Amino acid sequence: MKSPSQATGPKNTPPGYAAQFWLLLRKELAVEFRSRETAAPMAVFAVAALIAFQFSFDLRGAVLTLVAPGVLWVAIIFASLLALGRSFAREDERGSLEGILLSPTDPGALYLAKAAANVVLLTMLEVVIVPLSALLFNLQLLQPALLPTFLLGNIGIAGVGTILSSIAAQARAREALLPIMLLPLLVPVIIAAVRATGLAIDGRPWEDIQPWLAVLAAYDLIFVVLSALLFYATVER
Amino acid sequence: MRSAPSTLTPANVIGVAAFAAMLIALYLAIVESPDERVQGIHHRIYYIHVPTALVAYLSIAITAVASGVYLRTRRPRWDRLAYASAEIGVILTTLVLVTGSIWGRPVWGAWWSWSDARLVTTLVMWLSYIAYLMLRSLSGRAPGTARTAAVIGILGFVNVPVTYFSVYLWTYLHPLPTLQSATDRPESAILVPFLAGMLAFILLYVYLIRMRMRVEEAQQNLDALRAAAEGQ
C-alpha cells in the first residue's frame with residue numbers, strides 16, 4: 001500500500017496495522033460518545049425487551065432459572081442489532097467511509113476497529129442490564145464465570161455482526177437483511193452462551209462451563225480471523 | 001452453431017439421463033428393494049432422502065468454493081456458479097427437510113427433533129442460504145452484490161461444522177430422549193438403489209446448474225445491453 005510520495009520521509013509513512021486499528025477504534029468511540037446515538041437506545045431497548053419477556057413468560061420460580069439465560073441473551077442480541085445496523089449506515093449517510101478507504105488504511109484494521117467498538121458497546125449494555133436483571137428477577141448473576149462468557153459472546157456477536165453490517169449497508173432493505181443474515185450464523189453463539197450462563201447461574205463448577213467457553217472461543221477465533229481476511233471484499237468501491 | 005437446432009445438445013443428453021436415472025432409482029427404491037426389518041416400508045424414502053441431502057450439501061460446498069474463487073479471480077463465471085448452486089442447494093435442502101420429516105413421523109414418532117445435530121444444522125444451513133438468496137434478490141444487480149454475496153456464501157458454509165458441533169455438544173451434555181436413527185449396514189440390497197439415487201440427483205444437479213448459469217449469463221448480458229442503450 002506504499003506510494004512513492006509516502007516513502008519519501010519517515011513522517012509520511014502510513015501508520016502500521018496496530019496503529020491504524022487504534023486510531024480507527026478511537027474514532028469510532030469518539031463518534032459514539034459525542035453523538036450518543038447508539039448506546040442509550042440499546043440500553044432502553046434491552047430493558048423494554050426484558051419487561052416484555054417478563055409478561056410473556058411470567059418469570060417466576062422454576063421457570064425463571066430455566067428461561068433467564070435465554071431471555072438475557074435474546075435481549076442482548078436484539079439490542080446488538082441497533083449498534084450493528086448503525087455501524088456502517090452512519091458512514092453511509094455521511095459518505096465518510098470513502099474518506100477512510102481513500103487513506104492507506106488496511107481493511108482488516110478497519111474491520112477490527114469497528115468490531116472492537118461494537119464489543120465495547122455490547123459490554124456497556126451488559127454492565128447496565130446484567131445487574132439490573134439480577135435485581136429485577138432476583139438472579140445470582142454475579143458469578144465469575146459470567147465474565148468470560150459475556151466477553152466471548154460479545155466478540156462473537158460483534159465479529160460476525162460487523163462484517164454483515166457492512167454487507168447490509170450496501171443493499172436495499174438493510175434493516176431486514178441484517179437480522180436475517182446474522183441470526184442463523186449466531187446459532188452456535190446462542191447455544192454456547194446460553195448454556196454457559198445457565199450453568200453459571202446454577203452455581204455449577206468451572207469444569208462444566210469450560211466446554212462452552214471453548215466453543216465460544218473457537219467460534220470467535222474462526223469468524224473474526226475469516227472476517228478480517230474477507231472484509232476487503234465488502235468495502236471495495 | 002445456432003443455425004440447426006439439434007436435440008442432441010449436451011444439456012438435453014444430461015436432462016434425459018437425469019430423468020431416466022430418476023425413474024430407475026424410484027423403481028429400485030419402491031419396487032425392487034425389500035422391506036427393512038425394523039422400519040418396514042418407511043426406510044424406502046432413504047433412497048431419495050440421503051442422496052438429496054448429500055447433493056444439497058455438495059451444492060452449498062460448491063457455492064462456498066466458487067465464492068472464494070470468485071473473490072480471487074473476479075471472473076463472473078464463478079459468481080454465476082455460486083449463485084446457481086446456492087439456489088439449487090436451497091431447493092434440495094427444502095426437500096431434505098421435508099423427506100426427513102416424512103420419515104421421522106412414523107419411525108421416530110415426531111416430525112422434528114431439536115436434539116439431532118444433523119437436523120438442526122441442516123435447518124440453520126437452509127436459513128443461511130435463504131439469507132444469501134435474499135441478499136442477492138434485494139440488492140438487485142448492484143455492482144457490489146457479487147462480492148458481498150460471496151462473503152456470505154463463505155461464512156454460511158464455515159458455520160455448518162461449528163453449528164453441528166455446538167448442537168451435538170448441547171445434546172450430549174444435556175441428555176434429552178435421544179432418537180436413535182437406524183444404522184443400516186450397506187448391503188447390496190441397500191447400496192444399489194442408494195447409488196442409483198445418488199447418480200440421479202447428481203445428474204439432476206448438473207442439468208439444473210448448467211441451465212441456471214445460462215439464464216443468469218443471458219440476464220447479465222441483457223442488463224449490460226440495456227445499460228449501454230441508456231448510456232447513449
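Helices (H or I, at least four residues) and strands (E, at least two) are taken here as DSSP runs, numbered from the N terminus. The model is predicted, so local features need pLDDT of at least 70 and side-chain atom pairs count only at pLDDT 80 or more, whereas totals for chains, interfaces and linings use all residues. Residues are numbered from 1 along each chain as its sequence is written, and chains are lettered from A and ligands numbered from 1 in the order in which they are written.

**Stop 1: helix α1 of chain A**

Select residues 17-35 of chain A, which form helix α1. The expected span of a helix is 1.5 Å times one less than its number of residues.

Next, colour the helix by burial. A residue is buried if 20 or more other C-beta atoms, placed from the backbone, lie within 10 Å of its own, exposed if 12 or fewer, and partly exposed in between. The buried residues of α1(A) are A:Q20, A:F21, A:L24, A:L25, A:E28 and A:E32. Viewed down the axis of α1(A), they fall within an arc of 130 degrees, so they line one face of the helix; the arc is that of the directions from the helix axis to the C-beta atoms. These buried residues pack against α2 (39-57) and α5 (107-137) of chain A. On the other side, A:A19, A:R26, A:A30, A:F33 and A:R34 are exposed.

**Stop 2: two loops**

Select A:A173, in the loop between α6 (146-169) and α7 (174-185) of chain A. A:A173 is not a glycine, yet has a positive phi of about 55 degrees. It is partly exposed, with 14 other C-beta atoms within 10 Å.

In chain B, select B:R74, in the loop between α2 (46-73) and α3 (76-108). Phi of B:R74, also positive in a residue other than glycine, is near 60 degrees. B:R74 is partly exposed, with 13 other C-beta atoms within 10 Å.

**Stop 3: the contact between the chains**

Display both chains. Residues are in contact if their C-beta atoms, placed from the backbone, lie within 7 Å. The contact takes 28 residues from chain B and 25 residues from chain A. On the chain B side, α4 (117-139) and α5 (145-172) each supply at least two residues, and α5(B) gives the largest share, 16 residues.

**Stop 4: helix α6 of chain B**

Finally, select B:E230 in helix α6 (residues 188-231) of chain B. B:E230 is exposed, with 7 other C-beta atoms within 10 Å. Its C-alpha atom is separated by 51 Å from that of B:A196, 34 residues apart along the chain.

Definitions and conventions: Contact = placed C-beta atoms within 7 Å.
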